[in-house]
Amino acid sequence: MKRQSDKKTENAFIRTLVYRLYPSKADQVRFQSYCDYRRYIWNQYKDESDHAYQRYRYEKTYYAKLGMKVKAKDFCSKYPTLIRTKKQINHDKKAWEYQYPSKIALMAMTDYDNAMSNFINKAMPDWGKPKFRSKRNPRQGFKLPAKSFKLSGKTITVAKGRKDKKHGNLVLKTRQEFLDYPTGTVSFYMEKGRYYVAVPYIIPKEKLKSNTEFKGTAGIDLNVNHYNLYDGQHQVIDLNMKQLKFYYERIKHYQRLLARKRKFDKKNIGSHNYLETKTKLQRDYSRVVNIQNDFLQKLVLKLCQKYERIIIEDLDVKHMKMGISSKGLHRSMFGAFRHVLTYKCEQYPNELIVADRLYPSTQICSKCQYRKTGDEKITLWGNKKHHTKHNEYICYQCGAELDRDENASINLYQYLESKWYKEKSRTEKQTV
Ligand SMILES: [Zn+2]
């Protein structure tokens, strides 16, 4: 089970949880056929609505010449040709289509409508035109609206099609119990030979409150391969887990194999051997992601239960400052850490403070607040003028010798007392 998305409403959180399903061989075939059916309807509807769209564009210019406007949002809901098309598709169903739940077809067309209206809506420039769904897509799935499935304990039941005389209802099992408050559309999908269902829930706020008493502040400085935490005492969170090292080595090995095969002959790319190695590589990648995700969730949970207030640095600045390979950044999970921390902090609720972009947490002395400027600044490689090492912080005012990352985490811990924070809150008050 993994988290997919979190939305906050007034009194509750909407959260989508993904469960892995364990269907039998026969049910797998049925699952696949449901996916195929959604694709069939989607593509059929796409063909029809493409014609309608062309007509819409024609009419738009036609009406525009007369000084009238056809609103984009009306295209899907009110455009007569499209409504007729939908009815037509339902009407023209062949006998074999009735062995599938009719809601699958309904959802496919509704989703297509949504995608289409997003595409036409100019406020959403990133939306492309809905695409043809190929059976070669690595991810296949179907969706069902609320109330057309039943959750009980560890099983989810999908009602069979109206004229399906061969099978009973499709019953799928997970290993974790479903919660009591599902809402909206569930989506079933299969990927890499595994089966999943994503169920959105409305979780009431009182259910989220934890019983743990948290107090104190933590400043966290994010670095490549380790995080430094300060809450009165130093703590280093190591990200180079032993398991991961093993997988990183093996990924390197597989990548080298693939590169050699490519270099030797371009035709190798489609060969059986090439694909086999590629599959192994992808398997290792997904394992790494799973391990990282698990580690991150546990780490953030622990932090959220322990501290009242958590202070981190603005990460965009961090990225620029570090100027290191994207591999290192990716493996240090900066983005994912911030994302998980943000929503967990809302939930518990902790106070998450992101330090100002201008706050020079690496340049300040945590003991006397002396700030290094000009050629005294420490960079990733230390300081050239004073010949300090990359991990040293030596203060030229009070003479303190500190570890660079520990110093930065103390500075974040003390951020609320710094003039940067006071200035920031002052300007914020003025603007309000
Ligand atoms: Zn100092």
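**Aromatic pairs and charges over rings**

The predicted model holds 21 aromatic pairs, where rings of Phe, Tyr and Trp (its six-membered ring) pair if their centres lie within 6.5 Å. Planes under 30 degrees apart count as stacked, over 60 as edge-to-face and the rest as tilted. The ring centres of F31 and F142 are 5.3 Å apart and the planes meet at 65°, so this pair is edge-to-face. Because F31 belongs to helix α1 (residues 25-66) and F142 to strand β3 (residues 139-144), the pair ties together parts 111 residues apart in sequence. Helices (H or I, at least four residues) and strands (E, at least two) are DSSP runs, numbered from the N terminus. Both F31 and F142 are buried, that is, under 20% relative accessible area, with exposed being over 50% and partly exposed in between (1.4 Å probe, protein chains only).

The rings of W96 and Y100 are also edge-to-face, since their centres lie 6.3 Å apart and their planes stand at 85°. W96 is partly exposed at 37% relative accessible area, whereas Y100 is buried at 13%.

K163 lies over the face of Y98, 4.9 Å from the ring centre, and K372 over that of Y393, at 4.1 Å.

Residues are numbered from 1 along each chain as its sequence is written. In this predicted model, local features need pLDDT of at least 70, side-chain atom pairs count only at pLDDT 80 or more, and totals for chains, interfaces and linings use all residues, while side-chain values use heavy atoms, with hydrogens and water left out.

How values were computed:
Lys NZ or Arg CZ within 6 Å of the ring centre and 35° of its normal.
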